[in-house]
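Trainee: Could we go through this one together, with questions as we go?

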Amino acid sequence: MKYFRLACGCLFCLAVLVMTACKPKPRYQMVGEPSSEQPSAAPAPTSPGQSPISSPRPSQPSEGQALGSATLASSIRPAIILVTVFDASGKLLRTGTGFFVADDGRLITNCHTTDGGAYGVAKMGDGTICNVTGILASSTTLDLAVLKAEVKEVPFLPLNKTGKTDVGTRVVVIGSALAGSEGTPVEGTIYVKQADRRGDRLGIVAPIPASGIGSPVVDGNGAVIGIVIARNEKGEGLDLVQPSSVVQAFLAQIAPEATARWAGIAEIRPSPRPTPKPPSVAARQQPNRQPRLVYKPRPNYPFEAHFHDNAARTGRFRLSFDANGNVKDVLTVQSTGNDLLDRASTRALRQWKSEPGREWSTMIPITFETPR
């Protein structure tokens, strides 16, 4: 009996030892030990309230770059204009982009925009229209033309000689706000610098639209580094930019006393000292022939002028022209009866043009009908 009890006690101890050996280890004992399973990648630590941010692809511009283009455009566009050119008969020739380079109304555009022009107007981003008196300087080699507009203290873009033009520099081409989707800022890269008989030029890679020719090119700091003179139309070659250093040297050649005039009417301007000649038979038969009006824009109806009736409003205005065909003065002889209509008429009549040759005046009736 004694041995039986001893055997049972031994079996009990052995069972306790086996159960202890098979019991799993506590969780805290596994920290730092190797595991046969592959650990999952842990997310990068972030500050409270933030989520992990994936970096953009190298081939795509970051969001900051796009916002920078929009900011540059909002600060630069007030100085960008559209130049519309007419021939001597008042026929529309073409419209091109340009921008003011001085607060006195000097503007730069492409030379080919002014070809054959006798008159022109400039339209700003806010819709303001001003008369362009003529060309101060032009160069077919550089494809540049400096024009003078009849304005006072306009916003302008100073040209930057020291703007960064290294190959690989990111640039932005900014078009007119009036060009719709074609005026959207276009980002590009300076690809090469060219030097030939036409001077130093920049070649850039950018999807520039047709209306972008004549637009300013700026770097990331907003410095104007050039003007677009040609675009890549067929997917071959480069868009060409005339550097601001070349443009500034071109501007410096204009004499302070230079007079703006259109090449299309230069050959029929009267000489300073005309030689008196006896009148011809035709002149004696048709004395004092009235010069012909070649540009007659209609006044815009001011929609803030509301009337309770549908009666037409008619006014009469006397226009006085100088020898170059520009309006010297507009006199209201008979009011339309509404100050807004009178002012709209005066603004339009100041843009009229006549054949150059002598000073003269004429009476112009204008009738406004209530829009239906």
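This is a predicted model: local features need pLDDT of at least 70, side-chain atom pairs count only at pLDDT 80 or more; totals for chains, interfaces and linings use all residues.

Trainee: Which residue in E17 stands opposite Ser-320?

Mentor: Start with the strands, which are DSSP runs of E with at least two residues, numbered from the N terminus, as are helices (H or I, at least four residues). Strand E14 covers residues 313-321 and runs antiparallel to E17, joined by nine bridges; two strands pair if DSSP finds at least two bridges between them. Opposite Ser-320 stands Ser-361.

Trainee: What is the order of the strands in the open sheet?

Mentor: Strand E15 (327-334) and strand E17 (360-368) are the edge strands, each pairing on one side only. The three strands pair antiparallel, in the order E15-E14-E17.

Trainee: Is Asp-87 buried or exposed?

Mentor: Asp-87 sits in the loop between strand E1 (80-86) and strand E2 (92-100). Buried means under 20% relative accessible area, exposed over 50%, and partly exposed in between, with a 1.4 Å probe and protein chains only. Because its relative accessibility is 17%, Asp-87 counts as buried.

Trainee: What distance separates the C-alpha atoms of Asp-87 and Tyr-295?

Mentor: Along the chain, these two residues are 208 residues apart.

Conventions: Residues are numbered from 1 along each chain as its sequence is written. Side-chain values use heavy atoms; hydrogens and water are left out.
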